[in-house]
Amino acid sequence: MRRHRRWFTGAVLAGGIIVLAVFPLNSTPYTNYQIALVATYAVAILGLNLVSGYAGQISLGQSAFFGLGGYCSAIATVKAGWPLPASFLLACALPAAVGLVVAIPAVRLRGHGLAIFTLALPLIGVALAKRYADLTGGSEGLGARISQAPAWTGLDRDQWTYYVVLAIAGALFLLARNMVNGRLGRALSTIRENEVVAVSMGISPQKYKALAFALAAAFGGAAGWLYVYTIGFVSPVEMEFLLSINLLAMMIVGGMGSVLGSLLGGVMYVYIPVLAGTVDPVRTTLLYGAILLLVLFFAPGGIARTIRRLRDRLRDWLAERRRGSGPPPTAAATADNDAVPAAIQHR
Amino acid sequence: MRQRYGYRTLVSALVVLGLALAGCGRDSGGGGGGTQNTPGINDTTVKIGISVPLSGAVSDAGTAQLGGAKAYYEAINAAGGVKMKDGKTRKIELTSYDDGYEPGRSVQNFRRLVEQDGVLAVVGGLGTAQNAAVLPVAKELSVPQVFVASGASLFSANPAANAWTIGWQPTYEAEGEALAKAAVALGRPVKVAVLRQNDDLGKAFLNGFTQGIQGSQVTLLDPLTYEPADTTVDSQITNLAATKAEVFLSAVAVVRLQIAALTKARELNWKPVVLLPGFTQGFATVLKPSAADTYFDQIYSTGFVKIPSDPQWASDSAVTEFTARMKQYSPQANAALPNAIWGYATAATFVKALETMDGLTRQNLMDAVRKLKADNIPMLLPGVGVDATASGKSPVNVTKLFRFAEGKYGLVASS
């Protein structure tokens with residue numbers, strides 16, 4: 001049966017990749033850029049998920065790393081003439097370094113100390129970006145149209161952007177999935193559940209929290225690079241605190257401690273305003289709040305976890321039917337399954 | 001096991017990807033600036049778009065900006081439409097999207113307006129960074145991005161490089177320059193103490209002022225700065241008051257901090273001639289809360305539109321018409337915000353451009369915009385008009401000086 005399931009998952013994945021690969025060839029540039037933005041924000045939320053979802057440390061500073069990554073890519077390519085791959089590495093490495101420097105003192109704080117600490121990052125970031133206008137373009141921002149389809153592909157700029165952004169985002173998602181499924185993920189969820197247990201198992205909470213924070217910053221920076229690659233522009237607005245809050249909200253709605261949840265968060269970050277705009281744009285914030293509350297009431301743990309639970313129930317039910325008669329469905333087992341924290345339950 | 005299926009998936013996906021890439025293609029994307037069948041214009045309608053913040057922290061301003069524009073277009077439509085040079089009268093169809101004041105969404109809205117809605121032009125979007133992000137896209141798609149609502153100079157500064165973009169209102173430089181006139185007009189050697197925002201907005205303001213005082217008896221002391229997030233400017237004001245400067249250019253763009261600055265100056269018994277930027281000139285919002293209205297002898301500020309609440313315009317036909325139209329067509333927008341007036345007058349400017357278009361293409365529209373000269377735009381002050389022919393300047397480039405006296409701002413005749 002496990003083999004069947006693998007084949008099923010494999011087929012779904014392959015189908016998804018095919019659809020995503022063919023899609024941009026016939027859709028409008030608007031839609032292609034829109035999906036590239038979904039991938040971009042999903043990466044930022046994924047980073048946030050590492051520190052907040054898996055390690056349980058609320059961070060309000062993700063927008064600062066997002067903006068820093070954006071500035072790294074724009075300044076490195078436009079002002080310093082670096083090649084794109086080098087600017088991408090910088091956009092990951094510099095936020096990671098800043099994240100580590102911030103994290104080392106911050107992880108010593110318990111409770112909401114880290115949240116308060118990270119709150120300062122967007123405030124400082126916006127002020128610095130405006131002050132060093134010679135470098136950053138000030139509040140007018142910095143244009144950087146770095147995406148350019150090579151002639152041999154025969155693709156338009158939007159199609160090329162779509163493929164590059166989705167490929168990089170896909171690679172980062174794979175990387176994150178492997179990390180959270182391995183030792184790092186186990187260590188982080190142990191720390192989140194009980195630090196004393198973690199210490200007794202030889203896991204240093206401070207070391208791992210700092211690592212998670214630096215990784216979150218690196219993913220945030222990578223998302224900033226993808227943003228500049230898609231939009232061709234970065235300004236202090238991209239660093240603002242409100243983005244941090246929105247990313248955090250979308251992470252909770254999508255699913256804390258879930259890779260799939262990060263993707264869903266990205267989808268919702270981009271499409272909720274579009275959806276709200278068709279009804280009444282003035283109500284966008286209200287709609288955000290309503291969705292957040294609905295999820296907290298009816299799908300605690302986020303949409304991704306609810307999807308997984310429904311899938312598990314469906315599978316149990318199917319297995320039961322196939323087996324024909326016998327004892328009633330393992331209700332107790334299902335309930336147990338629900339009680340397991342999302343991160344541990346996560347595969 | 002795990003390895004094998006992953007490998008298969010990857011290979012099959014790559015094969016399909018390759019096939020797809022080789023086999024497919026699409027017609028040229030985007031709506032270019034073609035000469036035949038220009039998108040957004042037919043015999044009866046002109047379709048235009050706008051992107052403003054309708055949600056988030058600045059939604060009030062965005063709603064007012066959109067409301068003003070809508071009120072003007074609806075009134076024009078109700079009267080039949082815009083009579084264009086080819087003899088046809090067209091109605092204006094305005095599509096608006098919310099960008100939440102996020103540049104990324106402004107760019108996406110621009111693309112959506114061009115590709116999905118097929119607009120002729122995007123008119124009067126709000127925000128500096130938001131429109132700076134759109135500027136290269138407008139250039140790439142050859143779609144007019146006209147009459148941008150921002151005081152930054154970049155939208156009008158270089159028409160050769162940014163052929164598809166133009167600003168509308170006076171720049172921060174122009175405002176600073178207008179304020180300089182008040183200092184120069186004192187006619188004696190005076191020192192000016194300056195407090196400005198620590199960014200390019202503050203710098204632009206001061207640059208204009210510096211230009212305005214050139215060759216006069218006015219000298220500038222070292223400017224001090226503040227951050228928009230600051231909670232107090234007490235130490236800056238204490239230092240500035242210690243200079244005993246005769247003039248105080250309080251180029252503070254944050255209402256809360258302007259109140260703090262003027263209050264502190266009053267507490268220190270410093271009584272200079274005060275120069276205020278348009279952002280923080282309000283009687284009810286700034287002068288009254290800080291009691292500056294009764295303390296300082298001379299307060300100057302600038303402006304270029306008629307303020308409906310100002311009694312001197314109570315019977316002005318343009319103002320009464322504006323107020324009535326706002327009530328009728330955009331009741332949800334706050335007509336007291338300057339953005340409503342800007343949106344309204346911007347719409348009037350755009351209608352003038354449509355009336356003078358020689359053909360029906362986007363290029364024709366840009367040509368008409370660059371040649372536009374009109375003195376009769378509603379809501380602009382007497383003597384302020386639209387002149388887009390002055391290369392490198394914004395279309396509205398005259399700013400008038402006001403002096404505050406007896407509870408209201410009065411136009412300084414010589415300005």
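Reader: How do the axes of helix H3 (residues 62-79) of chain A and helix H11 (residues 241-254) of chain A cross, and within what distance do they come?

Author: Two packed helices are described by the angle between their axes and the distance between the axes. In this predicted model, the axes of H3(A) and H11(A) cross at roughly 115° and come within 7 Å. That makes H3(A) roughly perpendicular to H11(A) (65 to 115 degrees). The axes are lines fitted to C-alpha atoms over the stretch in contact, with angles from 0 to 180 degrees between N-to-C directions. Helices are DSSP runs of H or I with at least four residues, strands are runs of E with at least two, and both are numbered from the N terminus.

Because this is a prediction, local features need pLDDT of at least 70 and side-chain atom pairs pLDDT 80 or more, while totals for chains, interfaces and linings use all residues. Residues are numbered from 1 along each chain as its sequence is written, with chains lettered from A and ligands numbered from 1 in written order.

Reader: Which hand does the crossing of H3(A) and H11(A) have?

Author: H3(A) and H11(A) cross in a right-handed way (near helix turned clockwise from the far one by less than a right angle; anticlockwise is left-handed).

Reader: Happy with that. Which residues of H3(A) meet H11(A)?

Author: On the H3(A) side look for Gln62(A), Ser63(A) and Phe66(A), which meet Phe241(A), Leu243(A), Ser244(A) and Leu247(A) of H11(A) (C-beta atoms, placed from the backbone, within 7 Å). By class, this contact has four nonpolar, three polar and no charged residues (nonpolar: Ala, Val, Leu, Ile, Met, Phe, Trp, Tyr, Cys, Pro; charged: Asp, Glu, Lys, Arg; polar: the others, Gly among them).

Reader: At what angle does H11(A) pack with helix H13 (residues 284-298) of chain A?

Author: Here the angle is about 35°, and the axes lie 9 Å apart. H11(A) passes H13(A) in a left-handed crossing. Ala249(A), Ile252(A) and Val253(A) come from H11(A), and H13(A) supplies Tyr288(A), Ile291(A), Leu292(A) and Val295(A).

Key:
Parallel < 35°, antiparallel > 145°, perpendicular 65-115°, else oblique. Contact = placed C-beta atoms within 7 Å.
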